[in-house]
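Please look over the sequence and the model before reading on.

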Protein chains: 2
Amino acid sequence: MSIAVSPLAPKSLPALPPIAGVRMATAAAGIRYAGRTDVLLATFTPGASVAGVFTRSRCPSAPVEWCRERVGGGTIRALVVNSGNANAFTGASGRAATRLTAELAAKAVGCSEDEVFLASTGVIGEPLDASKFAGVMDGLVAANAGDGWEAAARAIMTTDTFPKLATRQTSIGGRTVTINGIAKGSGMIAPDMATMLSFVATDAAISAGALQQIVSSAVTRTFNCVTVDGDTSTSDTLLAFATGQAGNTPIADPADPALGAFAAAFEDLLAELAQLVARDGEGARKFVTVEVEGAESDASAHRIALSIANSPLVKTAIAGEDANWGRVVMAVGKAGEPADRDLLTIRFGHVRVAHRGARDPDYDEAVASAYMKNENILVAVDIGLGRGSARVWTCDLTEGYIAINADYRS
Amino acid sequence: MSIAVSPLAPKSLPALPPIAGVRMATAAAGIRYAGRTDVLLATFTPGASVAGVFTRSRCPSAPVEWCRERVGGGTIRALVVNSGNANAFTGASGRAATRLTAELAAKAVGCSEDEVFLASTGVIGEPLDASKFAGVMDGLVAANAGDGWEAAARAIMTTDTFPKLATRQTSIGGRTVTINGIAKGSGMIAPDMATMLSFVATDAAISAGALQQIVSSAVTRTFNCVTVDGDTSTSDTLLAFATGQAGNTPIADPADPALGAFAAAFEDLLAELAQLVARDGEGARKFVTVEVEGAESDASAHRIALSIANSPLVKTAIAGEDANWGRVVMAVGKAGEPADRDLLTIRFGHVRVAHRGARDPDYDEAVASAYMKNENILVAVDIGLGRGSARVWTCDLTEGYIAINADYRS
């Protein structure tokens with residue numbers, strides 16, 4: 001089916017500068033889609049470090065298993081990503097397909113198979129014909145260039161309606177370093193690891209161990225705070241790469257204070273990508289931020305925020321521009337976390353609709369309804385018990401989600 | 001909005017015989033709806049016993065708190081149920097409304113307020129004007145009769161498209177006893193206590209304690225196995241009543257073997273009502289049974305079954321008549337329970353689509369697609385690890401759910 005671009009898409013795409021030591025190219029291998037690119041090859045300068053976070057699904061895809069077994073090695077020379085087929089629940093043939101893809105890439109690039117990382121996204125359960133990559137691999141290596149970020153973001157899209165890109169500049173020890181990131185994801189989006197796929201590269205010189213700590217820390221406050229439908233993918237993969245070409249003194253200690261600004265910029269970039277995923281939620285017409293404070297702990301606040309953000313009744317009410325805070329109460333109540341109905345305060349944006357367990361005495365339906373017409377909606381809940389807080393991003397639930405997902409495979 | 005009757009509704013309603021010791025009447029109190037009944041009064045012969053199970057929401061409604069405080073007393077004389085307003089998250093005014101309703105009923109019936117039980121269903125967060133009951137209460141008592149079961153089931157409906165009734169006959173110690181039950185519920189349906197509201201009466205002579213054990217046991221395999229949207233209500237209430245008019249030797253010991261057939265019939269009736277709730281799921285076009293076996297324990301199987309039954313992607317695929325078993329793999333994987341991808345077997349009805357971690361070698365898309373056109377869909381998963389099993393009922397997720405819930409309150 002043809003899907004228009006999400007109304008929540010950014011008005012323009014950021015221009016991503018080249019990252020020294022990263023080259024990319026895309027091709028149309030005909031995995032599933034006709035008339036579009038569906039495979040990305042990125043190559044990395046020798047010695048580039050790699051870190052990653054993966055889905056916690058008990059039924060992960062073959063590429064997830066491939067990466068998990070190799071990320072501890074800490075170095076990467078090539079990344080191959082395809083869209084159209086997730087190579088998940090494909091048994092022995094799936095493992096053979098990852099092996100063949102890595103062999104093809106290793107041969108074309110001239111590196112060890114264990115320095116090739118893989119990701120696949122698309123339909124689950126259908127065999128992936130990796131031999132299709134053979135016909136495009138040499139061309140991909142030949143076409144590799146430093147300015148391919150937008151093309152890369154487009155090649156990994158499935159039901160995404162716009163490519164997702166972000167960039168930051170910061171410094172390490174006085175040296176300017178750049179971080180570029182792309183992501184794809186639109187449905188089957190939930191913590192843990194809501195991204196489906198995201199790839200972030202920097203020219204900074206950072207060891208794989210330090211990079212892993214920065215990635216693991218940043219993901220808890222970014223990709224693990226976005227949900228579209230509560231459905232966790234078999235394929236969620238975030239990989240980060242550091243080429244070491246920026247000229248900073250190489251850093252191996254994750255606690256090195258010289259990394260402070262870099263870690264902050266890295267997290268900020270992941271937050272932007274995570275929000276872009278929610279903005280491209282299947283069928284989304286509104287971008288929703290859920291803020292919970294006053295919970296017994298941050299973890300408790302996070303679970304309450306997710307209960308609200310994943311509630312079909314809350315999400316459909318927002319789609320209907322209905323200030324239905326009763327459903328927020330329901331979602332708080334079902335979260336199973338400590339809460340006292342008579343201490344709850346709920347706001348939609350600046351409009352306090354409920355206070356200490358009942359409708360706000362100054363509640364004005366017209367004011368609340370007017371707020372709900374906004375494209376960006378804030379649902380803020382004060383549990384009133386403690387100091388725990390959390391923030392989660394999601395989108396509304398519309399007929400569009402149903403139409404897309406009742407029609408996707410067949 | 002006007003909603004057609006669910007295509008999954010039974011072709012005809014069962015005729016419920018009177019239960020000696022129970023009388024009912026309904027009225028239009030104008031709580032929210034125009035032109036329909038919205039209040040039910042049931043009265044019980046002195047000495048009738050009562051048992052109940054309630055929502056586990058941390059933000060329960062005022063009537064739930066009222067009943068919870070009184071069900072331990074074990075006796076009931078009157079039940080007042082209204083639709084249109086849930087009297088939930090209504091603070092002090094909500095508690096005053098329950099008190100006033102109980103006072104009005106106690107006075108009209110001539111009993112203690114503590115023998116009056118209450119339930120409310122409808123919008124959350126709006127004050128309930130219980131004084132509206134004053135104008136109808138005496139008329140309700142005067143009109144009380146034994147044959148009002150269908151009218152009662154209709155008066156408690158909200159977004160339900162058909163009334164839900166079931167009846168069983170069984171025997172205790174050679175005496176025939178009857179069990180009648182009604183339920184309402186269509187959205188905001190999830191374990192624990194998926195019913196929203198259900199009321200079950202029998203003429204058997206059973207102590208409140210024995211009745212409570214039968215109810216608590218039966219609910220785990222019936223109402224706690226149905227989900228529409230995973231949203232647990234603030235108001236879920238199941239009350240059971242035993243009037244003792246059947247003439248059996250009164251039973252106080254829940255382990256009394258004379259209760260065996262009764263307990264089985266009771267659970268069977270609850271299962272029928274629970275399935276009717278799923279069949280009236282908001283926007284439902286298909287009734288779905290999820291069966292999980294081979295899990296490490298029954299509890300683990302139950303959580304996996306709920307993960308499948310609550311997955312928006314599984315439910316939209318079924319709506320689209322798409323044999324998308326990849327999404328079933330996803331839902332197994334995200335459940336967080338022990339599972340080994342390479343041991344999974346998945347069937348849609350009689351069609352085995354996946355076996356031991358990959359697409360079934362004999363998979364035939366045409367056969368699978370033909371099965372998905374059925375109105376009743378079975379999703380069966382064998383985890384392949386142990387002997388734990390569970391069964392859950394749900395429905396598909398269609399545009400109808402969105403339309404109903406984006407429009408319900410405003």
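A:Arg303 is partly exposed, with a relative accessibility of 45%. The model is a predicted one. Its partner in a salt bridge is A:Glu337, with 2.7 Å between the closest N and O atoms. Across all chains, a search of the whole structure gives 33 salt bridges.

**The A:Arg303 and A:Glu337 pair**

- A:Glu337 has a relative accessibility of 11% and counts as buried, whereas A:Arg303, at 45%, counts as partly exposed.
- Side chains of opposite charge can pair when their charged atoms come close.

**A pair within one helix**

- A:Glu150 and A:Arg154 form a salt bridge, at 2.9 Å from N to O.
- Both residues are in helix H4 (residues 149-155) of chain A.
- They are four residues apart, which is about one turn of the helix.
- A:Glu150 is partly exposed at 36% relative accessibility, and A:Arg154 is partly exposed at 37%.

**A pair between chains**

- In the salt bridge of A:Arg95 with B:Asp342, the closest N and O atoms are 3.3 Å apart.
- The pair joins two chains, because A:Arg95 lies in helix H2 (residues 91-109) of chain A and B:Asp342 lies in the loop between helix H9 (325-334) and strand E11 (345-348) of chain B.
- A:Arg95 is partly exposed, with a relative accessible area of 38%.
- B:Asp342 is also partly exposed, with a relative accessible area of 26%.
- A:Arg95 and B:Asp342 belong to a network of salt bridges that also includes A:Glu65 and B:Arg341.

- B:Ala301 is part of helix H7 (residues 298-309) of chain B.
- Its relative accessibility is 0%, so B:Ala301 counts as buried.
- B:Ala130 is 171 residues from B:Ala301 in sequence, and their C-alpha atoms are 44 Å apart in space.

Definitions and conventions
Residues are numbered from 1 along each chain as its sequence is written. Chains are lettered from A and ligands numbered from 1 in the order in which they are written. This is a predicted model: local features need pLDDT of at least 70, side-chain atom pairs count only at pLDDT 80 or more; totals for chains, interfaces and linings use all residues. Side-chain values use heavy atoms; hydrogens and water are left out. A salt bridge is a side-chain nitrogen of Lys or Arg within 4 Å of a carboxyl oxygen of Asp or Glu. Buried means under 20% relative accessible area, exposed over 50%, partly exposed in between (1.4 Å probe, protein chains only).
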